[in-house]
Every structure is written in C-alpha cells, then in structure tokens.
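Please read the following note beside the sequence and the coordinates.

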Amino acid sequence: MILKNTMIFMGLLFTLSGCAVDSQVSKSPYSNNFLDSSFYRGYSIFEEEKSCVNAIKYFKAGIDNEEYVEISTLYYDYCIKSDRSKYYYYGMHTIGIESGDNDNRLSNDEVTWIGLQAKQGGTVENYAIGQMFLNGYMLEENKENAVYFMTLSAQGGYGRAQMQLAMIFMEIGEQQNALLWLKEASKNDYPGAKEMLEGMKLIL
C-alpha cells in the first residue's frame, strides 16, 4: 500500500529518530537555533521573493558552517538546478538522505521541517522523503513509496527528482515511464538527461 499520508511519515520518523512533539509546538515546532539558522533565513527570503537569487548564499552558509547540513544541501542543490546550471552539486552525495548512511541522521528540526513542508506539497521535501524510502534512510526501504513521493516532487518541476524517477523506472523495466521523466529532466537541462534520453531512443 502506498504511503500517501505524510503525517504517517512524520510519525514514523518521530518514532525512529526518538523525537517527540513537546509543548513548544503551540508556538513553533522548531528550536530557536533552527529559527536563527542560515537555512531558515535563506528559506524565508526564498519564500518571500519566490526566487533563489538572494537565498542561495544562506543555504551555502548552512553547508559551510555545518549547520542543518541535510536540508541546507537539498535547497542549495535545488537552487542550482532552478537556475538551469550545467553542473552537478557533488556535495549532495555526502548527505545521509542521498547516501543512505544511517550514521548521519537528520536533526529533530530537519525531521519536523521535512514532514510539515511535504504535507504542504514541498517539492524539495517530497524528493527527500522519496530518497529516504529508496535508500532505507531512517525508514524501511520501500520502492513503491519512493516512487510515490518522488513523483510528487518531479511533478513540481524538480529536475533531480525527474532524473531519479527515470532511473527507478529503468531499473524496474518501465521504459516508457522512464522516457517520460527523462524528457522532463531534459527540458529542465538536468545534467546528463539529454544524453541518456538520446541513448534510450536508440535502444527502444
């Protein structure tokens, strides 16, 4: 059964990470450190301006200062791709969500952030949940759930999610679905998508 309810996801994460919602939730579900962080400042700017231009430096600062690195890295990568960069952000491969390294776990604030933002349709956060299910990171590995959340992110226009979804479909033999998402990733100029798309067209 596909896990469609992100509140169930949050419950799973709270259980697995040992987090608990305390009396602070009536004011804010986040710690003061989180609300004062470079990431949160960057996201506030991103949300207000609907643009990465002035926000991306704060996401990078979060990475450089080792402050909420997981979500800072996710948003930094998202902003690079939203500018149709021809380059990968190789730092993505070092975070637990991408690598599946359960020794490198999300903070309580990051768990809460991903769950609440995904519930509101957050593109980056749905990608994160998809990767967590795909890699068995802090959750039991479940490819069906991974595809569900990754699709939500890909439908939001995130090139990395579109590319990842294409790779998943190729792996399970659904070539037409893989082609569909490779085309979308190619439209977004995601690195390597056009070349992979041309290669698949020659084979199919």
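The points below go through the helix geometry and the salt bridges in turn.

1. Basis of the note. This is a predicted model, in which local features need pLDDT of at least 70 and side-chain atom pairs count only at pLDDT 80 or more, while totals for chains, interfaces and linings use all residues. Residues are numbered from 1 along each chain as its sequence is written, and side-chain values use heavy atoms, with hydrogens and water left out.

2. Length of α3. Helices here are DSSP runs (H or I, at least four residues), numbered from the N terminus. Helix α3 covers residues 38–49, and its twelve residues should span 16 Å at 1.5 Å a residue, which agrees with end C-alpha atoms that are 16 Å apart; the expected span is taken as 1.5 Å times one less than the number of residues. Lys50, which follows α3, has a positive phi, near 55°.

3. The buried side of α3. Ser38, Phe39, Gly42, Tyr43, Ile45 and Phe46 are the buried residues of α3, where buried means under 20% relative accessible area, exposed over 50% and partly exposed in between (1.4 Å probe, protein chains only). These residues lie on the same side of α3, because they cover an arc of only 160° around the axis, the arc being that of the directions from the helix axis to the C-beta atoms.

4. Packing of α3 with α4. The axes of α3 and helix α4 (residues 56–64) are 8 Å apart and meet at an angle of about 165°, the axes being lines fitted to C-alpha atoms over the stretch in contact and the angles running from 0 to 180 degrees between N-to-C directions. The two helices are therefore roughly antiparallel, a term that applies to angles over 145 degrees.

5. With a salt bridge defined as a side-chain nitrogen of Lys or Arg within 4 Å of a carboxyl oxygen of Asp or Glu, the count comes to six salt bridges. One of them joins Asp77 and Arg160 at 2.8 Å, N to O, and this pair links distant parts of the chain, with Asp77 in helix α5 (residues 69–82) and Arg160 in helix α10 (residues 159–171), 83 residues apart. Asp77 and Arg160 are both buried.

6. Pairs with greater accessibility listed. Lys143 forms a salt bridge with Glu171, with the closest N and O atoms 2.7 Å apart; Lys143 is partly exposed at 30% relative accessible area, whereas Glu171 counts as exposed at 60%. Asp189 and Lys194 also meet in a salt bridge, at 3.2 Å, N to O, and Asp189 is partly exposed at 29%, as is Lys194 at 45%.

Definitions and conventions:
Parallel < 35°, antiparallel > 145°, perpendicular 65-115°, else oblique.
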